[in-house]
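Colleague: I'm new to this one. Could you show it to me and let me ask how the labels are decided?

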Amino acid sequence: MIRVLAFSVCLVAGHAAGTLVDEVDPFIGVDGEGQTVPGAALPFGFVRLSPDVTNNTASGYSTGVPVRGFSHNHVSGTGAGGKYGNFRVTPVTGPVRLDQLHSAITNEVARPGFYAATLTRWDVRAELTATRLVGFHRYQFPTNATGQLVLDVSSVVGDQAALEAGVRIVAPDRLEGTVRAEGGWNKGPYTLHFAAVFDQPATAMSLWIDGATRASKTAGSGKHVVATTQFAGREVKVKVGLSFINPARARANIEREIPDWDFEKMRTTAARVWENLLGKMLVDGGTAEQRRVFYSALYHAHFMPHDVTGENVWWQSDAPHFEDYCAIWDTFRCTNPLWTLLEPRQARAMVQSLIDIGEHSGNWLPDARIAGNNGQTQGGSHGEVVIADQNFGIRIKEIIARPEAAEGT
């Protein structure tokens with residue numbers, strides 16, 4: 001039996017303030033072959049601040065599995081291999097044991113641009129939001145407990161390995177560092193940098209290099225590098241900026257994107273960005289469940305590629321730059337045309353980026369690319385289709401906006 005649903009979609013230029021973000025369920029697709037990521041991010045943002053669990057999936061996450069902490073970048077829906085999972089932060093109380101950094105979680109909440117959960121092992125409430133290149137954490141530690149944040153500089157998820165990592169204590173409220181890793185989706189290596197700034201000075205800081213503590217050291221490097229920071233306050237906030245260029249650029253990204261410590265303002269801003277995007281497509285009819293599936297799918301369609309404009313470390317160019325096309329083979333039929341209609345500025349920037357990548361990496365357009373590595377992942381070349389299709393898509397958008405424009409087409 002085939003049932004036709006009374007379900008229509010309207011493309012609009014804008015909509016009144018509403019609650020479409022409440023229609024989204026970020027947990028749809030997180031398990032099995034879905035490999036989606038429930039954490040906090042902006043559309044096409046490089047930072048997707050999300051929990052990593054102990055069974056080390058490609059996305060970092062599985063339902064009901066103990067959490068190791070919250071890392072800053074993930075690919076979503078790509079299947080096996082995974083990528084990133086860098087600079088994982090774990091809130092703990094009491095003495096630090098690097099082999100005991102996992103905890104069950106409860107009261108888990110995920111909304112576009114926001115994630116929260118309570119780590120039951122230490123009774124710590126974690127709240128996360130994000131901008132394009134910066135993750136913003138807020139932790140509530142229990143009364144009469146000494147709170148600590150453990151930052152694993154060498155963390156990765158999926159089928160990856162950290163080749164080398166380094167960290168430096170810059171000040172009692174600042175850390176900086178770098179990781180070089182390889183493996184995962186498309187296999188290629190990458191180097192990524194971070195800067196972390198806390199809202200209060202730490203009462204103590206320690207470095208762990210390859211399993212041994214170096215309490216008297218202010219810098220260190222190795223394959224497994226961890227920094228621990230201890231605080232007197234019950235609430236601790238930390239901002240972590242990422243950069244492919246260097247730690248100084250990561251610090252500049254923090255100063256540009258999150259200049260103050262107002263967590264609620266940043267959470268609200270992220271929700272408003274998603275609300276405006278989702279509001280470009282309004283639906284009538286259907287059930288509440290069908291609307292939930294629709295808006296969750298629309299939300300997931302804006303995860304990748306990641307906009308890392310200003311972070312092109314691979315060559316000098318003024319063009320916009322996107323990484324993590326995973327892969328155009330899977331997006332050129334429907335998702336890229338959808339972006340042309342809903343996000344024409346970003347769609348044009350992606351085309352400029354594709355052309356720029358082709359010009360600087362062997363005169364061919366990537367079908368798949370991640371972290372600076374092109375991959376001949378699928379047969380044929382689909383970047384050309386995206387470029388050709390965009391002109392058609394822009395014409396379709398004109399016809400939707402002004403039906404009379406269709407005369408003579």
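Colleague: What lies over the face of F303?

Modeller: That is R48, at 3.5 Å from the ring centre. A charge counts as over a ring if NZ of Lys or CZ of Arg is within 6 Å of the ring centre and within 35 degrees of the ring normal. K239 lies over the face of W261 too, at 4.0 Å from the ring centre. Bear in mind that this is a predicted model, where local features need pLDDT of at least 70 and side-chain atom pairs 80 or more, while totals for chains, interfaces and linings use all residues. Residues are numbered from 1 along each chain, and side-chain values use heavy atoms, without hydrogens and water.

Colleague: Why is the pair of F70 and Y139 called tilted?

Modeller: Rings of Phe, Tyr and Trp (its six-membered ring) pair if their centres lie within 6.5 Å; planes under 30 degrees apart are stacked, over 60 edge-to-face, and the rest tilted. Here the centres are 6.5 Å apart and the planes at 35 degrees, so the pair is tilted. The structure holds 15 aromatic pairs.

Colleague: What makes F70 count as buried or exposed?

Modeller: Buried means under 20% relative accessible area, exposed over 50%, and partly exposed in between (1.4 Å probe, protein chains only). F70 has 0% relative accessibility, so F70 counts as buried. Y139, also at 0%, is buried as well.

Colleague: How many residues of strand 6 are buried?

Modeller: Six of its six residues, 114-119, are buried. A strand here is a DSSP run of E with at least two residues, numbered from the N terminus. F114, A116 and T118 point one way, and Y115, A117 and L119 the other.

Note on methods
Helices (H or I, at least four residues) and strands (E, at least two) are DSSP runs, numbered from the N terminus.
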